[in-house]
Amino acid sequence: MRVVLVDDQHLVRAGFRMVLDYQRDMTVVGEAGDGAEGLRLLRTTPADVVVMDLRMPVLDGVTATRRICATGPLPRVLVLTTFDTDEDAFAALQAGASGFLLKSVPPEELLTAIRVVASGDAVVAPRVTRRLLDRFAGRLVAKGPAVAALPALTDREREVLLLVAQGLSNLEIGGRLQVAEATVKTHMGRILAKLGLRDRVQAVVLAYESGLVRPGGDR
């Protein structure tokens with residue numbers, strides 16, 4: 001996995017690089033000290049995951065994340081920050097980040113998060129995502145081709161999307177629908193493909209943006 005580090009603190013980047021480069025399946029292919037420098041680096045340096053700080057000079061992490069995610073499926077963005085606030089987490093998720101962690105997490109948790117994000121999944125707990133969206137749903141505005149593609153979902157796919165937006169895991173959805181967890185994963189893959197989304201976090205955001213799910217309710 002090719003990883004780019006974007007953080008305005010050199011010592012933080014050095015620490016992350018030391019941990020990541022020690023892994024057989026990871027290599028740090030570049031570093032940047034702010035969001036603008038990170039965007040310039042990514043134009044010439046292919047990467048699978050960007051580990052992104054939020055509060056940086058020149059260009060902040062949320063804006064940089066939004067621009068990165070607008071370019072295509074890769075790289076995916078994993079946000080690491082020292083600020084544990086709902087506002088930061090919501091802004092990062094709405095911008096397209098596939099994960100949100102604090103810099104104080106143990107190294108093994110960071111490594112797991114990078115691997116999960118690189119595999120195409122998200123590392124924000126489903127119920128945390130819903131809590132954030134219930135709080136901030138008033139700021140969401142339906143937009144983009146993904147919303148227009150909602151009618152393309154089958155009845156079962158729409159049902160799965162609703163349950164994902166309610167904060168249920170794949171295992172819990174399988175139990176609710178009386179199907180195998182693997183079947184739920186298949187449905188989720190088709191939902192993401194039809195809507196042109198990266199992961200289940202973006203799917204939950206879309207469910208709120210489109211009005212498919214309302215704050216504090218199921219439908």
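These are my notebook entries from a first look through this structure, which is a predicted model.

**Entry 1: the overall picture**

I began with the whole chain. I counted eleven helices and five strands. Of the 219 residues in the chain, 54% are buried. I also looked up how far apart in sequence the contacting residues are. Among contacts between residues at least 6 apart in sequence, 67% join residues at least 24 apart.

Next I asked myself: in what order do the five strands of the open sheet lie? I read the order as 2-1-3-4-5, and the pairing is parallel. Strand 2 (27–32) and strand 5 (99–102) stand at the edges with a single partner strand each, so one side of each has no neighbour in the sheet. On average, neighbouring strands here are turned by 20° against each other, direction ignored.

A reminder to myself on pairing: strands of a sheet are held together through backbone hydrogen bonds, in a parallel or an antiparallel way.

**Entry 2: strand 4**

I then stayed with strand 4, residues 76–81. Four bridges join strand 4 to strand 5, and the two run parallel. One pair I noted there is Leu 78 with its bridge partner Gly 99 in strand 5. Strand 3 also pairs with strand 4 in the parallel sense, over four bridges. On that side, Val 49 has Arg 76 of strand 4 as its bridge partner.

Is strand 4 enclosed or left open by the rest of the structure? Six of its six residues are buried, so strand 4 is largely enclosed. In a regular strand, side chains alternate between the two faces of the sheet. I therefore checked each face of strand 4, and both are covered. Arg 76, Leu 78 and Leu 80 are buried on one side, and Val 77, Val 79 and Thr 81 are buried on the other.

**Entry 3: helices against the sheet**

Helix 2 lies across strand 1 (2–6), strand 2 and strand 3 (49–52), and runs at about 130° to strand 2. Helix 5 (residues 107–118) lies across strand 1, strand 3, strand 4 and strand 5, and runs at about 155° to strand 4.

I also looked at helix 8, residues 155–165. Its buried residues are Glu 157, Val 160, Leu 161, Leu 162, Leu 163, Val 164 and Ala 165. Helix 8 is followed by Gly 167, which has a positive phi near 95°.

**Entry 4: two buried residues**

I looked up Gln 23, in the loop between helix 1 (10–21) and strand 2. With a relative accessible area of 19%, Gln 23 falls under the 20% cut-off and so counts as buried. Not counting residues up to four places away in sequence, Gln 23 touches Leu 111 and Arg 115.

Cys 69 was next, in helix 3. Cys 69 is buried too, at 14% relative accessibility. Leaving aside neighbours within four places in sequence, Cys 69 is in contact with Val 77, Ala 95, Gly 96, Ala 97 and Arg 198. Cys 69 and Gly 96 are 27 residues apart along the chain, but their C-alpha atoms are separated by 5.8 Å.

Most residues other than glycine have a negative phi, and most peptide bonds are trans. With that in mind, I listed some exceptions.

- Val 58 has a positive phi of about 70° although it is not a glycine. Val 58 lies in the loop between strand 3 and helix 3, and is exposed at 70% relative accessible area.
- Gln 178 is not a glycine either, yet has a positive phi of about 60°. Gln 178 sits in the loop between helix 9 (170–177) and helix 10 (181–195), and is exposed at 74%.
- The peptide bond from Leu 74 to Pro 75 is cis, with omega near -5°. Pro 75 lies in the loop between helix 3 and strand 4.

I finished with the second largest pocket, which holds about 180 Å³ of space. Helix 2 (35–44) and helix 3 (61–69) are the elements that give two or more residues to its lining. Which of the elements gives the most to this lining? I found that helix 2 does, with three residues. The lining residues include Leu 39, Leu 42, Arg 43, Arg 67 and Ile 68. Leu 74 and Pro 75 from my last entry are also among them. By type, the lining divides into seven nonpolar, two polar and two charged residues.

Key: Residues are numbered from 1 along each chain as its sequence is written. This is a predicted model: local features need pLDDT of at least 70, side-chain atom pairs count only at pLDDT 80 or more; totals for chains, interfaces and linings use all residues. Side-chain values use heavy atoms; hydrogens and water are left out. On a 1 Å grid over the protein atoms alone, a cavity is a set of points where a 1.4 Å probe fits but cannot get out, and a pocket is an open set with protein on both sides within 12 Å along at least five of seven lines; lining residues have an atom within 4 Å of a point. Grid points are joined across faces, edges and corners, and a volume is the space filled by probe spheres set on the points. Ala, Val, Leu, Ile, Met, Phe, Trp, Tyr, Cys and Pro count as nonpolar, Asp, Glu, Lys and Arg as charged, and the others, Gly among them, as polar. Buried means under 20% relative accessible area, exposed over 50%, partly exposed in between (1.4 Å probe, protein chains only). Two strands pair if DSSP finds at least two bridges between them. Axes are lines fitted to C-alpha atoms, for helices over the stretch in contact, and angles run from 0 to 180 degrees between N-to-C directions. Contact means heavy atoms within 4.5 Å.
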